[in-house]
Amino acid sequence: MGEAGDSGQAAGGGFSRRALLLGGVGTALAGGAAYALHDDLLRWWWRLPGRKKPRTDGAVDYGGARWVPAATANWRQADRPDDYTIDRVVVHVVQGGYTDALRVFQSPLHGAAAHYVVRKDGQVAQTVRELDVAYHAGNRAYNERSIGIEHEGFVDRPASFTPAMYASSARLTAGICRRYGFPADREHIVGHVEVPGTDHTDPGPHWNWRLYMDLVRAELRRPTSTPGA
């Protein structure tokens with residue numbers, strides 16, 4: 001990003017290799033096949049040596065979050081949304097506490113992590129960068145296109161889901177919708193139970209979807225003032 005070739009036109013008026021690969025192939029083909037090839041080439045481009053986006057140790061995507069990095073075995077490096085479109089939030093419930101979630105995400109033996117964990121009092125931890133693909137949904141395509149948000153609590157305990165948790169999580173989800181330009185609806189904000197092929201039941205029958213979606217949409221109506229909010 002920020003290099004002349006990234007915008008498709010190189011310095012001096014010539015065209016970059018990326019423009020020739022992506023634009024040229026895209027115009028030569030038509031329909032779904034062209035779109036799929038375009039998407040594959042984008043992913044290939046961002047895997048070339050030297051194409052990795054800059055990363056700052058400890059930096060978070062959501063203002064106010066704590067950075068608590070997950071073990072590298074629980075996610076894989078990517079350059080989203082340039083290599084994979086982000087158009088989903090997947091809502092999870094830990095079946096345990098906030099510290100339990102952070103502990104298992106830091107274990108390389110666990111094999112899974114979400115991007116964020118939300119505590120009952122509204123505290124948010126980020127464990128995987130939004131750039132990267134977290135192993136949270138149990139479905140590769142959903143992992144590649146989504147942000148996963150874990151919530152402290154148990155699916156069979158209604159008291160797990162506090163007003164502070166709903167409000168904090170809604171602000172987080174609204175910020176994700178803004179950043180990636182997808183609508184705040186139940187097609188794009190889903191529970192883990194709704195991911196194709198999953199055997200999970202979270203967030204469960206006591207998660208108040210009507211309240212949650214109302215809060216997300218209310219946040220989106222507010223003017224933005226803080227980066228990452």
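Contact here means heavy atoms within 4.5 Å. I began with the contacts between residues at least 6 apart in sequence, and 73% of them join residues at least 24 apart.

A note on what I am reading: this is a predicted model, where local features need pLDDT of at least 70, side-chain atom pairs count only at pLDDT 80 or more, and totals for chains, interfaces and linings use all residues. Residues are numbered from 1 along each chain as its sequence is written, and side-chain values use heavy atoms, with hydrogens and water left out.

Next I looked up the elements, which are DSSP runs numbered from the N terminus (helices: H or I, at least four residues; strands: E, at least two). I find 6 helices and 8 strands, in the order α-α-β-β-β-α-β-β-β-α-β-α-β-α.

Then I checked burial (buried: under 20% relative accessible area, 1.4 Å probe, protein chains only). Of the 229 residues, 46% are buried.

On to the cores. I take a nonpolar core as a set of buried Ala, Val, Leu, Ile, Met, Phe, Trp, Tyr and Cys residues joined through side-chain atoms within 4.5 Å. The largest has 28 residues, and Tyr 116, Leu 172, Ile 176, Ile 189 and Tyr 212 have the most contacts inside it. Strands S3 (88-91), S4 (116-118) and S7 (146-151) each give two or more residues to this core, as do helices H5 (163-180) and H6 (209-221). H5 gives the most, with 7 residues.

I also followed Leu 172: beyond its neighbours within four places in sequence, Leu 172 touches Tyr 62, Tyr 116, Val 118, Val 124 and Ile 149. Lastly, I noted a second, separate core of 13 residues, with Trp 75, Tyr 98, Phe 105 and Ala 134 among them.

Terms used. Buried < 20%, exposed > 50% of the residue type's maximum accessible area, 1.4 Å probe, protein only.
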